[in-house]
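Here are some friendly notes to read with the structure open beside you. Take the points in order, and find each residue as you go.

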Amino acid sequence: MDFDLALEQVGEFGRHQKRIFLIVSLISLPLASQMLIVVFVGAVPEWKCTSPSGDTLHCKSSADPLCCDKDGSICRGGEFSTGITSIATEWNLVCGNRYKIELSQSIFVAGYMFGVLIFGILSDKYGRRRPWLFAYTVGGILGLMTGFVRTYKEYIALRFIFGALKGGGGLITYVLSTESIGPSYRGTAGIWQQAFYPFCYVVLALEAYIIRDWRTLTVISILPTLMVLLIFRSIPESPRWLLSQGRVKEAEAIVRKIKEENGYGNGELIFLKMESKRAIAQGNNCKYGTIDLFTHKSVRVITIIMMLSWCVNSMVYYGLALNVKNLEGNLYLNFALSSLIELPSFASTQFLLSRLGRRLSLFVLLLAACFSCFLCAFLQFYGGQNVTAISITALGGRFCISASYAVLYVYSAELFPTVARNAGMAISSFSARVGGMVAPFIVLMGDHHISLPMFVFACTALFAGIAGLKLHETQGKRMPQTFSDLEEIHSRKASTNGN
């Protein structure tokens with residue numbers, strides 16, 4: 001029998017799968033929190049300067065010429081408020097050096113992008129378990145080390161390597177926790193695994209509220225990751241990967257344990273070795289790479305639009321998360337609320353997908369995100385006095401873009417043909433990291449005018465939403481296996497439009 005059929009007999013989402021899903025997901029959260037920790041460790045508090053007339057200035061923006069020297073450094077005798085410490089206060093990252101805070105985040109995302117590519121190869125070659133253990137153990141150690149560096153250059157160097165391990169570990173976490181789940185539950189489990197991250201960010205906001213020293217916050221927030229050393233023995237290798245490598249006996253042993261833990265008794269399971277080998281042979285003979293996504297007419301438009309959509313979604317998502325520091329009100333509360341708003345967005349995703357389909361759901365959510373961001377920019381532009389209204393519109397944007405991101409995962413997998421699906425998802429993920437690298441610098445524009453970031457997010461979300469209407473609907477239709485299947489879909493769509 002094949003692996004999915006075996007899971008139906010031993011339990012598609014029983015006690016064993018739930019245990020693995022929960023442990024692996026929870027272990028990933030401390031590393032996941034480092035994605036947005038720059039909001040707190042890169043916070044810029046007020047600093048005091050003396051004006052030419054001898055008055056004391058309370059400075060909040062690096063764009064104020066009275067708060068900076070002509071050479072771009074902080075004003076002479078400038079003193080930060082003693083409420084918090086951050087990399088900005090330690091290395092004077094204000095005025096002409098203000099961009100270095102955003103640069104540290106972009107470098108982290110660049111490492112993330114590099115790690116996804118490298119660990120994707122490693123996990124296919126050496127299995128899921130060992131690269132996962134390496135990423136989280138070494139990543140935890142390097143994360144701790146970032147709390148003890150002495151210079152900015154040391155900090156960004158460690159952030160790049162740490163980002164690579166975070167990206168690789170996050171990729172394997174999703175695969176390791178879902179590959180042993182049956183097809184009836186795998187999609188839902190994949191979507192709701194993202195629900196762990198809002199809780200992670202709320203905990204980070206609470207830690208940052210209590211711990212105002214950036215070094216201590218870095219160490220405390222990453223320390224739980226090393227718990228992986230205590231539990232890794234209870235996490236088995238993915239039996240699906242073992243079977244794909246022809247290691248059938250090892251896969252059978254793990255599936256027998258799954259059957260026993262799920263309460264289905266203890267019995268023999270037989271996998272069809274020839275079927276597994278035949279599947280491997282077929283995969284080796286039909287390999288398609290990234291270049292094929294641009295040379296085949298049937299998938300070229302899909303690839304370009306998906307790259308645009310992933311880039312914009314990532315840019316707006318992380319931009320809104322980082323932009324909380326440009327909102328009025330309490331930074332910690334705004335950050336926590338903007339994280340919690342993601343939870344109902346996942347529920348709305350499943351509702352919209354069933355009612356509107358993939359294409360219209362993506363368009364409606366991006367259009368709603370555009371409207372929310374534009375309204376927030378409008379309120380900020382005209383004084384920004386209504387703090388509550390600004391916060392609500394910003395939360396609305398975060399809600400919509402989070403739901404849009406979830407739709408993209410489903411839609412992308414259904415659009416690309418099976419023979420090039422991995423390549424399509426890989427280049428989509430690559431584009432998302434580009435958006436994540438650009439987002440901090442769009443947020444930096446808020447130093448010159450507070451409404452600019454939201455206006456940019458609104459325009460890009462609208463553009464991506466309109467572009468997505470060019471795609472075809474996939475709901476209730478079989479997934480294309482080859483490029484020929486896609487060409488058939490396109491020809492059928494053209495005929496329908498003509499009629």
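This is a predicted model: local features need pLDDT of at least 70, side-chain atom pairs count only at pLDDT 80 or more; totals for chains, interfaces and linings use all residues.

1. A term comes first: a disulfide here is a pair of cysteine sulfur atoms within 2.5 Å.

2. How many disulfides does a search of the whole structure find? There are three. If you number the bonded cysteines of the protein in sequence order, they pair as 1-5, 2-3, 4-6. The next three points visit these pairs.

3. Start with Cys49 and Cys75, whose sulfur atoms are 1.6 Å apart in a disulfide. The link of Cys49 and Cys75 is left-handed, with -85° about the S-S bond. Cys49 sits in strand E1 (residues 47–50), while Cys75 is in the loop between strand E2 (56–59) and strand E3 (79–80), so this pair ties together parts that are 26 residues apart in sequence. Cys49 and Cys75 are each buried.

4. Cys59 and Cys67 also form a disulfide, and here the sulfur atoms are 2.1 Å apart. Is this one left-handed or right-handed? The torsion about the S-S bond of Cys59 and Cys67 is about -90°, so the disulfide is left-handed. Both of these cysteines, Cys59 and Cys67, are buried.

5. Cys68 is joined to Cys95 by a disulfide, with 1.9 Å from S to S. The torsion is -85° about the S-S bond, and the link of Cys68 and Cys95 is left-handed. Cys68 belongs to the loop between E2 and E3, and Cys95 to the loop between helix H4 (87–91) and helix H5 (99–126), so the pair ties together parts that are 27 residues apart in sequence. Cys68 and Cys95 are buried too.

6. Now look at Cys373, which is in no disulfide. The nearest cysteine sulfur, that of Cys376, is 7.2 Å away. Cys373 is buried, with a relative accessible area of 1%.

7. Cys459 is partly exposed, because its relative accessible area is 38%.

8. Finally, turn to helix H7 (residues 152–178), which has 27 residues. From its first C-alpha to its last, H7 reaches 39 Å, close to the 39 Å expected at 1.5 Å a residue. H7 is mostly covered, with 19 of its 27 residues buried.

Technical notes: Residues are numbered from 1 along each chain as its sequence is written. Side-chain values use heavy atoms; hydrogens and water are left out. Helices (H or I, at least four residues) and strands (E, at least two) are DSSP runs, numbered from the N terminus. The expected span of a helix is 1.5 Å times one less than its number of residues. Buried means under 20% relative accessible area, exposed over 50%, partly exposed in between (1.4 Å probe, protein chains only).
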